[in-house]
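Biologist: Please show me the model, and then let us go through the terms that are used to describe it, one after another.

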Amino acid sequence: MKRKVDYTWKLREIMAGRRIYTATELVPLLRERGIDLSASQVHHLVSGTPNGCPCR
């Protein structure tokens, strides 16, 4: 049986607290940490709640 985990996505709130207001500003910061996502992938993360997370 799969377990459902509930979460609240606060990426926008955390970005604003660090004075990052666009997905474009976030891309290079993620790359510095070894997370290589396209601008459109980051936009999807910033603009809404992800459908799921492949956590294993």
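Modeller: We can begin with Thr49, which is found in the segment after H3, where helices are DSSP runs of H or I with at least four residues, strands are runs of E with at least two, and both are numbered from the N terminus. This is a predicted model, in which local features need pLDDT of at least 70 and side-chain atom pairs count only at pLDDT 80 or more, whereas totals for chains, interfaces and linings use all residues. Residues are numbered from 1 along each chain as its sequence is written, and side-chain values use heavy atoms, with hydrogens and water left out.

Biologist: Why is Thr49 called exposed?

Modeller: Buried means under 20% relative accessible area, exposed means over 50%, and partly exposed lies in between, with a 1.4 Å probe and protein chains only. Thr49 has a relative accessible area of 51%, and therefore it counts as exposed.

Biologist: Why does Leu45 count as partly exposed?

Modeller: The relative accessibility of Leu45 is 28%, so this residue counts as partly exposed. Leu45 has its place in helix H3, and it touches Trp9, Leu11, Leu37 and Pro50 when residues up to four places away in sequence are left aside. Between Leu45 and Arg33, twelve residues apart in sequence, the C-alpha to C-alpha distance is 17 Å.

Biologist: What makes Arg19 an exposed residue, and what is its phi?

Modeller: Arg19 is at 66% relative accessibility, and so it counts as exposed. Arg19 is found in the loop between helix H1 (11-17) and H2, and its phi is near 60°, a positive value in a residue other than glycine.

Biologist: Is Gly17 buried or exposed, and where is its place?

Modeller: Gly17 has a relative accessible area of 64%, and therefore it is exposed; its place is in helix H1. The C-alpha atoms of Gly17 and Val42, which are 25 residues apart along the chain, lie 18 Å from each other.

Biologist: Which residues make up the largest nonpolar core?

Modeller: A nonpolar core is a set of buried Ala, Val, Leu, Ile, Met, Phe, Trp, Tyr and Cys residues joined through side-chain atoms within 4.5 Å. The largest one here has eight residues, namely Met15, Ile20, Ala23, Leu26, Val27, Leu30, Val42 and Val46. Helix H2 (23-32) and helix H3 (39-47) are the elements that give two or more residues to this core, and H2 supplies the largest share, four residues. Leaving aside neighbours within four places in sequence, Val27 is in contact with Leu37, Ala39 and Val42.

Methods
Contact means heavy atoms within 4.5 Å.
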